[in-house]
Every structure is written in C-alpha cells, then in structure tokens.
Amino acid sequence: MSAVKRKLKTLSLAEKLEVLQAAKSCKKEKDVAEQFGLPMSTLSTIIKNESDIMKKIQNGQSLSCKRQRIAEFPGLEECSLKWFEQCRSQNISVSGLCYKKMQKYT
C-alpha cells in the first residue's frame, strides 16, 4: 500500500495576504483551508506568522516573492553591490569572471 504524496505548494506574499483576509472574514478555518487547497497546519502557520507577513509587506518586499533569501555574509554582499554599481556608473562592463576575481581579493 503506497501513500499518495501531495504536491507541495509555495505561496507568495500576495497569496498569503489573501489567505489571511479570508481567514478573518470566514468563520471556519477548515473552509478557508479547503478554499485555497491548503492543509490545516499550513493555514495555522500562516495565521501564526501574520505579523511577520505584514511587516514584510510594509517594508516593501515584493508581493510575488515566494521565498526570502538572506545573505550569508551581508557585509560582503553590500561591498560587492557597491563595487558593481560603481563599475556600471562608469560604463565598465562586468563579466562573471571579472566579478569572481574581485570577490577573490575581498
């Protein structure tokens, strides 16, 4: 007997916002979960993380973003971005190889 695995569904911020609004207006969470095709555990996680979702929206994060990627070395990322912007402002073309060499020296 093999169990059928359900397909994982990653929601964007806009979809999570819709789920939150539906959960507030609807009386039963089970109805909301069925409406969006979500398991109850996912729905309760979205409701639990409502404040984090609202903060991301207020901070201007893209509503189509499904996953947030946090830099492992934020200082290095900031320096690399600044270097890249300076090169582009001076019309210097930056290739992948050039960028790798720059990171090697930082």
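The model is predicted, so local features need pLDDT of at least 70 and side-chain atom pairs count only at pLDDT 80 or more, while totals for chains, interfaces and linings use all residues. Residues are numbered from 1 along each chain as its sequence is written, and side-chain values use heavy atoms, with hydrogens and water left out.

**Overall form**

The protein has six helices and zero strands. Helices (H or I, at least four residues) and strands (E, at least two) are DSSP runs, numbered from the N terminus. The radius of gyration, taken over C-alpha atoms, is 21 Å. A compact globule of 106 residues would have a value near 13 Å, by the rule of 2.2 Å times the number of residues to the power 0.38. Along the principal axes, the C-alpha atoms fill a box of roughly 60 × 45 × 20 Å. Buried residues (under 20% relative accessible area; exposed is over 50%, partly exposed in between; 1.4 Å probe, protein chains only) make up 16% of the 106 residues.

The domain assignment, which is automatic or from a database, gives domain 1 (13–59) and domain 2 (74–105). The centres of these domains, taken over C-alpha atoms, are 40 Å apart. The UniProt record, an unreviewed entry, places "domain: HTH psq-type" at residues 5–56; such annotations may be inferred rather than shown by experiment. That span is 71% helix and 0% strand, and its end C-alpha atoms lie 31 Å apart.

**Helix α2**

Helix α2 covers residues 29–36, and its buried residues are V32, A33 and F36. Seen down the axis of α2, these residues fall within an arc of 100° (from the directions of the axis to the C-beta atoms), so they line one face of the helix. Their cover includes α1 (13–25) and α3 (40–48), where contact means heavy atoms within 4.5 Å. The face turned away from the buried side carries the exposed residues K30, E34 and Q35. After α2 comes G37, with a positive phi near 70°.

**The salt bridge**

The structure holds one salt bridge, that is, a side-chain nitrogen of Lys or Arg within 4 Å of a carboxyl oxygen of Asp or Glu. K24 and E50 form this pair, and their closest N and O atoms are 2.8 Å apart. K24 lies in helix α1 and E50 in helix α4 (residues 50–58), so the pair ties together parts that are 26 residues apart in sequence.

| Residue | Relative accessible area | Class |
|---|---|---|
| K24 | 58% | exposed |
| E50 | 22% | partly exposed |
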